[in-house]
Amino acid sequence: PAPAPAAAPAAAPAAAPEAAPAPAENPFKPSDVGKRVTVQGYGMGTLRFVGPHAKDGKPRCGVELDEPKGLNNGTAGGHKYFECPDKHGVLADPRLVSFPGSAPVAAPVASPASPAPIASPASPPPGAVVSHVQ
């Protein structure tokens with residue numbers, strides 16, 4: 001008689017799909033709208049919008065700046081978040097926004113790595129033979 005065919009290995013159970021991470025929570029609340037804030041890199045202004053970005057859902061703060069240092073008039077990417085004069089609006093990551101005289105409400109944005117320290121002119125290069133003659 002012919003040998004019985006080998007049994008096919010059992011299929012591994014399908015992995016459960018991973019849930020998409022929830023967007024980070026905005027530490028600013030709608031009740032903060034109208035309060036004075038500072039936006040890192042832009043200066044002082046008034047908080048005009050607290051909520052998700054229309055396209056990516058990330059938390060954002062819309063700020064009407066005191067000076068025309070902004071990027072818009074409250075409309076960004078074709079979506080109107082708030083109204084203000086041209087060049088007075090900025091839609092910012094909440095980590096860049098703080099109440100005057102306080103630290104940022106959210107964790108600070110990581111800054112680029114510091115450049116490597118420069119060797120002191122008094123330091124010999126690694127592996128150099130140094131003699132101290134007096």
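**Entry 1: Val90**

I started with Val90 and found it in strand β6; strands here are DSSP E runs of at least two residues, and helices are H or I runs of at least four, both numbered from the N terminus. This is a predicted model, in which local features need pLDDT of at least 70, side-chain atom pairs count only at pLDDT 80 or more, and totals for chains, interfaces and linings use all residues. Residues are numbered from 1 along each chain as its sequence is written, and side-chain values use heavy atoms, with hydrogens and water left out.

Is Val90 buried or exposed? I looked up its relative accessibility, which is 2%, so Val90 counts as buried. (Buried means under 20% relative accessible area, exposed over 50%, and partly exposed in between, with a 1.4 Å probe and protein chains only.)

Next I listed what Val90 touches, leaving aside neighbours within four places in sequence: Val39, Tyr42, Cys61, Gly62, Val63, Leu65, Leu71, Asn72 and Phe82. Contact means heavy atoms within 4.5 Å. Tyr42 is 48 residues from Val90 along the chain, yet their C-alpha atoms are separated by 8.5 Å.

**Entry 2: strand β6 and its sheet**

I checked both sides of β6. Gly89 and Leu91 are buried on one side, and Val90 and Ala92 are buried on the other. I reminded myself that side chains in a regular strand alternate between the two faces of the sheet.

Which strand does β6 pair with? I found four bridges joining β6 to β3, and the two run antiparallel. (Two strands pair if DSSP finds at least two bridges between them.) Across this pair, Glu64 stands opposite Gly89.

Then I followed the open sheet of five strands, in the order β6-β3-β2-β1-β7, with antiparallel pairing. Its edge strands are β6 and β7 (97–98), each pairing on one side only. At the β7 end, two bridges join β7 to β1, and Thr38 stands opposite Ser98.

For the chain as a whole, I counted seven strands and zero helices.

**Entry 3: the cores**

I looked for nonpolar cores, meaning sets of buried Ala, Val, Leu, Ile, Met, Phe, Trp, Tyr and Cys residues joined through side-chain atoms within 4.5 Å. The largest has eleven residues, including Phe28, Val37, Cys61, Val90 and Val97. At least two of its residues come from each of β1 (36–39), β2 (43–52), β3 (59–65) and β6 (89–92). The most come from β3, which gives three.

A second, separate core has five residues, among them Phe49, Tyr81, Phe82 and Leu91.

**Entry 4: cysteines**

Cys61 is at 0% relative accessibility, so it counts as buried. Cys84 is buried too, with a relative accessible area of 14%. How many disulfides does the whole structure have? My search found zero; a disulfide here is a pair of cysteine sulfur atoms within 2.5 Å.

I finished with pLDDT, the predictor's confidence in each residue, from 0 to 100. The chain averages 76, and 58% of the residues score at least 70.
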